[in-house]
Amino acid sequence: MVITVNNPPINAGSTEVRQGLLDAIQVFQSDPNLAAAVIIGAGNTFIAGSDMKEFSQPLAEPHLPTVISAIENCPKPVVCALHGAALGGGFELSLACDARIALQGTLVGLPEVTLGIIPGAGGTQRLPRLIGVEKSIEYICAGTRIKADEALKLGIINKLVKEDLLGNAIVFARSFIGIKHRIRDIATPSVDASDVLAATQKALKVGKNRPNVHKAIEMITNTLTLPIDQGLAIEREAFQNLRVGTEAKALRHQFFAERKLFKLLAGDAQKPKSIEQVAVIGAGTMGSGITIACLSAGYTVLMLDQNEAALANGAKKVSDFYDSRVKTGKMAAEKASAILQGFTSSTQWGDIATADLVIEAVFEEMEVKHAVFQKIEEYAKPDALLASNTSYLDIDVIAAKTKNPSRIFGLHFFSPAQVMKLLEIVRCKLTAPNMIITGLQFAKRLGKTPVISANAFGFIGNRIYAAYRRQCEFMLEEGAYPEQIDKALEEYGFAMGPFAVGDLSGLDIAWAMRKNQASTRNPEHRYVNIADTLCLAGRFGRKTGSGYYQYAEGVKSGVVDPFVKQVIDEASAAKGISRREFSSEEIVNRVLLAMINEIAHLASEKVVSDVTDCDVVLVNGYGFPRWRGGPVFIAQEMGRDKLNLELRDLAERSGPGFVIANTDVLFHPD
Ligand code: NAD
């Protein structure tokens, strides 16, 4: 009997799918003419995961463990035929079967920890019986997607085929007639305590703040020694508790927020334009990173710079990147050389003539941008898309001096561009709608997480970040010190605190911008000049050996510097502020409120069309802890009344210049 799961697009394990499987197994069991069964997925994949929408509600019967029990208790063999992805509940279902056959290229795994939960249908009990405790800790705690050949080696998959999955699966299933081969009957694996400790420590390096990672380890190690039915019951209960917890809710919020934008691609109103060749103008920090990101996604890339030395330097960065991938075993040498075949560098503008997309990443000066866009228009194809990677300049002003502003938009990458997931796609006043769809398609191929922003100062991310940093500076003046603020935020889960980030990226950049803005700044507004004082003393951060911290030669992390303490104390005294103690909780709370308030401003000003995009921005571009969901999630959990009350308090503490936003935009209409 062939049982086909057909729930496009990813055959997600929904209530209907579970019910269908249960019914089919019952038919199979009771029909004496049927001797073996194959479960297979229709379309491009096996069950690539569970239906996440169901996770926010009480789960409807039949639950997955019921389906799994039916398969295990069926006296006749059931073989699972895998292709595409068999992840989460889909993979757990396959572990209930007597054998697994897969098409080459299939991915299997238990990514539940990335959603704040643990596998809840036997994953932590059956996988270790198959591949041992250490490997299970590694894969389950990292949510690893295991490639088919690796899965074959480990014995997760019993047979790998190149083609005709169903035909092969039927033959394979017949070979099991009369045989039951359940993982539950395999003895608990013996363990080497020191190996388990090493695997646990490795998993906790990343997951130390995550209760679900601790729980997964507990299930794999402690619970495994119990009789399997007891272990399964304990695992299920832990899964159910985690599923309804705040962390899992926050991660589901992020998951849906990130996925939402790609859904625009499915709409057929606008068709994306095809892009194969990209020209990157500027071979500096961003230009070389963008070039790598595009090359790795399979685009042909021309990198252009006016300066021979800068071009050579940028081109070297690109080839060094792939060399190091090969040296560290992360990429096959043939693949790296194939990628580099698609790369050229040039100082000749005529070479951009065949590019479908031109991305400008030259100096952040309006005059330079105007000159560069004039050149681009002169040499690029008339229908090429033209993007600026500017951080703060007004792209409408850049576009205004071009002949065809409808093909100009922003693609704001984050540094390092080959690593950072976030890509802000900036819609200008005259940008043609299909440009945005094309930008989304481009982001998807790059493996980036896109958001769409209106053309406004700092777009979405830098604008929120500025409000965040400003609030931290207020706290410096009021009584906190950089190391205390950084520590509080890092403990909360931020990748780095704001002052450590400032020192890393260079305090001179923001200083130059503040000087530019000085003439238009409202003198009545609160302004903290601590960073200016540090810059005046030549302290630009790591690159000068000191900033908010002091850095020893060649050492990345800074140490507390009495000079900075003195500058801060003097700044407070100059304003007559009597310094006071701050708790970590207050620091984190003020930062979150400042972000939430700025997001509400961005939404009211229509810079962002859906506030949850801001959570996507912060998590993917600014090191905000994903499992906290983002400021909008936190605001929604807090509720309107409490938020408004706390914002009033923050406004009072922040002083002149802090404007409370209309927070209605953060909440769904009642
Ligand atoms: P960079 O100084 O490292 O590189 C700029 C490059 O542009 C240099 O190699 C320079 O030779 C080249 N260039 C200048 N004028 C040119 C011209 N007329 N024609 C051709 N090439 C020219 O700068 P960067 O940090 O890579 O920043 C580039 C752009 O990206 C800026 O607009 C910046 O605001 C933006 N950006 C930077 C970051 C970041 O973290 N560095 C992040 C996001 C966006």
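1. In this predicted model, Ala-37 has Val-78 of strand 3 as its bridge partner. The pairing belongs to a parallel arrangement in which 4 bridges join strand 2 (residues 37-41) to strand 3.

2. Is strand 3 (residues 78-82) enclosed or open? Because 5 of its 5 residues are buried, strand 3 is largely enclosed by the rest of the structure, where buried stands for under 20% relative accessible area. In a regular strand, side chains alternate between the two faces of the sheet. Here Val-78, Cys-80 and Leu-82 point one way, while Val-79 and Ala-81 point the other way, and all of these residues are buried.

3. A separate point concerns the packing of helix 18 (residues 461-478) against helix 24 (residues 584-604), whose axes lie 8 Å apart and meet at an angle of about 145 degrees. Helix 18 passes helix 24 in a right-handed crossing. Residues that make the contact include Ile-464, Ala-467, Tyr-468, Cys-472, Phe-474 and Met-475 from helix 18, and Ile-587, Val-591, Ala-594, Met-595, Ile-599 and Leu-602 from helix 24. Charged residues take part as well, among them Arg-463, Arg-470 and Glu-478 of helix 18 together with Arg-590 and Glu-598 of helix 24. Counted by class, the contact of helix 18 with helix 24 has 12 nonpolar, 2 polar and 5 charged residues.

Notes
Residues are numbered from 1 along each chain as its sequence is written. This is a predicted model: local features need pLDDT of at least 70, side-chain atom pairs count only at pLDDT 80 or more; totals for chains, interfaces and linings use all residues. Side-chain values use heavy atoms; hydrogens and water are left out. Axes are lines fitted to C-alpha atoms, for helices over the stretch in contact, and angles run from 0 to 180 degrees between N-to-C directions. Helices (H or I, at least four residues) and strands (E, at least two) are DSSP runs, numbered from the N terminus. A crossing is left-handed if the near helix is turned anticlockwise from the far one by less than a right angle, and right-handed if clockwise. Contact means heavy atoms within 4.5 Å. Buried means under 20% relative accessible area, exposed over 50%, partly exposed in between (1.4 Å probe, protein chains only). Two strands pair if DSSP finds at least two bridges between them.
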